[in-house]
Amino acid sequence: MKILFLGTGAADYKAEHREMEGYRRYSSALIDDVILIDPGPLVPDAIACFGVDVKKIKYVLVTHLHGDHFNQNTLDWLESQGAKALKLENGETLEVDGYRIRAMKGNHSTAVQHYIIDDGKSKLFYGLDSAWLLYEEMRAIKEEKKIDFAVFDGTVGFHRGDLRIFEHCDMNMVISMSEYLKQFVKRFCISHMARTLHTDHATLAARMSEYDFDVAYDGWSTEF
């Protein structure tokens, strides 16, 4: 399986920050060129920037309806190019084109879904915009027995005393969870970094490498 990060930033990245070093679009990802997660307003720009063939995108998953993750115009455009939006209830599993997609409830102020995507050879956990993992999610990861790549929310960074920890993760949370989950997860990654709560990418990546975490950036693609 392959993931391409179309965007890796949180909602505090605005249009006026576009020219800043280390700019991140709103978080979105493309799986195997086929499944797009979160049709936010900057997805068309990312698709053009990273040379994505939009005609190959067959399915769209939405984590939640906050404006940095969902934009109706973007979804309409993707559907006009042949994509289909998939709707799953929490706890539901859907099989489509050789993929098994499992939806789970995340811990966020607005209803958010996390996903496990299985192509029969490898498995992805995608869980942004959430504080910790709910117990049911931990159980689901254990039931899957092997997750090849897990994408965790990295909004708050190492910053302390921020209100957002009640619906987003800081690094202490993801490091602590990984210590237990590493028996089920091969590789860990963070995305959805807040502009105001993080250092530059190189510094963050070096620090997180000490805990065996990758730090995603716009346009980064990796296979697992």
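The buried residues of helix α4 pack against α3 (135-144), β10 (147-153), β11 (185-191), α5 (201-209) and β12 (213-215). Buried means under 20% relative accessible area, exposed over 50%, partly exposed in between (1.4 Å probe, protein chains only). This is a predicted model: local features need pLDDT of at least 70, side-chain atom pairs count only at pLDDT 80 or more, and totals for chains, interfaces and linings use all residues. Residues are numbered from 1 along each chain as its sequence is written, and side-chain values use heavy atoms, leaving out hydrogens and water.

**Helix α4**
- α4 covers residues 171-181. Helices (H or I, at least four residues) and strands (E, at least two) are DSSP runs, numbered from the N terminus.
- Its buried residues are M171, M173, V174, I175, M177, S178 and L181.
- D170 caps the N-terminal end: a side-chain oxygen lies 3.1 Å from the backbone nitrogen of N172.

**The sheet**
- Six strands form an open, mixed sheet, ordered β5-β4-β3-β2-β1-β13. Two strands pair if DSSP finds at least two bridges between them.
- β5 (84-85) and β13 (221-223) are the edge strands, each pairing on one side only.
- β1 (residues 2-7) and β2 (residues 28-31) run antiparallel, joined by four bridges. L4 has L30 as its bridge partner in β2.

How values were computed: Contact means heavy atoms within 4.5 Å. A polar contact is a pair of N or O atoms within 3.5 Å; within protein, one must be able to donate a hydrogen and the other to accept it, and residues adjacent in sequence count only if both atoms are side-chain atoms.
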